[in-house]
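Please keep the sequence and the model in view while reading.

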Amino acid sequence: MQAAQFYMNQGRYNAAIVHLKVATTLKDDALAWIALGDAAMLTKQFALAQSAYDRVRRLEPDSARFLHGQAQLWVAQERFTKAGQLLE
């Protein structure tokens, strides 16, 4: 996870994704899934981002982290109405 964070901080999101995919297979951790979703969204890998956020929702159904990530993804996809409805 530390290597992924290093790459995220450097703006090297594709490199972070490689490490985050490994991290999520080693431990089913919501923080790793959120980071994977964020990195995927920033590289416009929207299907991967959605899969990651869906996993967070299953792990932490009432998580504000899921709501934030999902809303950001929908904004990135210009699905503003859905993002607004989610955050109401």
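Tyr7 counts as buried, at 19% relative accessibility; buried means under 20% relative accessible area, exposed means over 50%, and partly exposed lies in between, with a 1.4 Å probe and protein chains only. Phe6, by contrast, is partly exposed, with a relative accessible area of 46%. The model is a predicted one, in which local features need pLDDT of at least 70 and side-chain atom pairs count only at pLDDT 80 or more, while totals for chains, interfaces and linings use all residues. Residues are numbered from 1 along each chain as its sequence is written, and side-chain values use heavy atoms, leaving out hydrogens and water.

How many aromatic pairs does a search of the whole structure find? The search finds 1 aromatic pair. The pair is edge-to-face because the rings of Phe6 and Tyr7 have their planes at 70°, with their centres 5.4 Å apart. Rings of Phe, Tyr and Trp (its six-membered ring) pair if their centres lie within 6.5 Å; planes under 30 degrees apart count as stacked, over 60 as edge-to-face and the rest as tilted.

## H1 against H2

Tyr7 also takes part in a helix contact. Helix H1 covers residues 2-9 and helix H2 residues 13-26; helices (H or I, at least four residues) are DSSP runs, numbered from the N terminus. The axes of H1 and H2 are 8 Å apart and the helices pack at an angle of about 165°, which means that H1 is roughly antiparallel to H2. The contact is made by Ala3, Ala4, Tyr7 and Met8 on the H1 side, and by Tyr13, Ala15, Ala16, His19 and Leu20 on the H2 side.

The axes are lines fitted to C-alpha atoms, for helices over the stretch in contact, and angles run from 0 to 180 degrees between N-to-C directions. Angles over 145 degrees count as roughly antiparallel. The crossing of H1 and H2 is left-handed, a term used if the near helix is turned anticlockwise from the far one by less than a right angle.

## Ala35 in H3

Ala35 is placed in helix H3 and counts as buried, at 14% relative accessibility. Leaving aside neighbours within four places in sequence, Ala35 is in contact (heavy atoms within 4.5 Å) with Met1, Met8 and Leu20. Ala35 and Met1 are 34 residues apart along the chain, and their C-alpha atoms are separated by 9.4 Å.

## H3 against H4

H3 and H4 pack at an angle of about 160°, with their axes 8 Å apart. The two helices are therefore roughly antiparallel to each other. On the H3 side the contact includes Trp33, Ile34 and Met41, and on the H4 side Phe46, Tyr53 and Leu59 are among the residues involved. The crossing of H3 and H4 is left-handed.

Lys44 lies in the loop between helix H3 (30-42) and H4. What is the phi of Lys44? Lys44 has a positive phi of about 60° although it is not a glycine. Most residues other than glycine have a negative phi. Lys44 counts as exposed, at 63% relative accessibility.

## H4 against H5, and Gln70

The axes of helix H4 (residues 46-59) and H5 come within 9 Å and cross at roughly 160°, so H4 is roughly antiparallel to H5. This contact involves Phe46, Ala49, Gln50, Tyr53, Asp54, Val56 and Arg57 of H4, together with Phe66, Gly69, Gln70, Leu73, Trp74 and Ala76 of H5. The crossing of H4 and H5 is left-handed.

Gln70 lies in helix H5 (residues 64-76). Is Gln70 buried or exposed? Gln70 counts as buried, at 3% relative accessibility. Not counting residues up to four places away in sequence, Gln70 touches Gln50, Tyr53, Asp54 and Leu86. Val18 is 52 residues from Gln70 in sequence, and the two are 21 Å apart in space, C-alpha to C-alpha.

Phi of Glu78 is near 60°, a positive value in a residue other than glycine. Glu78 is exposed, with a relative accessible area of 61%.

Lys82 lies over the face of Trp74, at 4.8 Å from the ring centre. A charge sits over a ring if NZ of Lys or CZ of Arg is within 6 Å of the ring centre and within 35 degrees of the ring normal.

Key: Angles under 35 degrees count as roughly parallel, over 145 as roughly antiparallel, 65 to 115 as roughly perpendicular and the rest as oblique.
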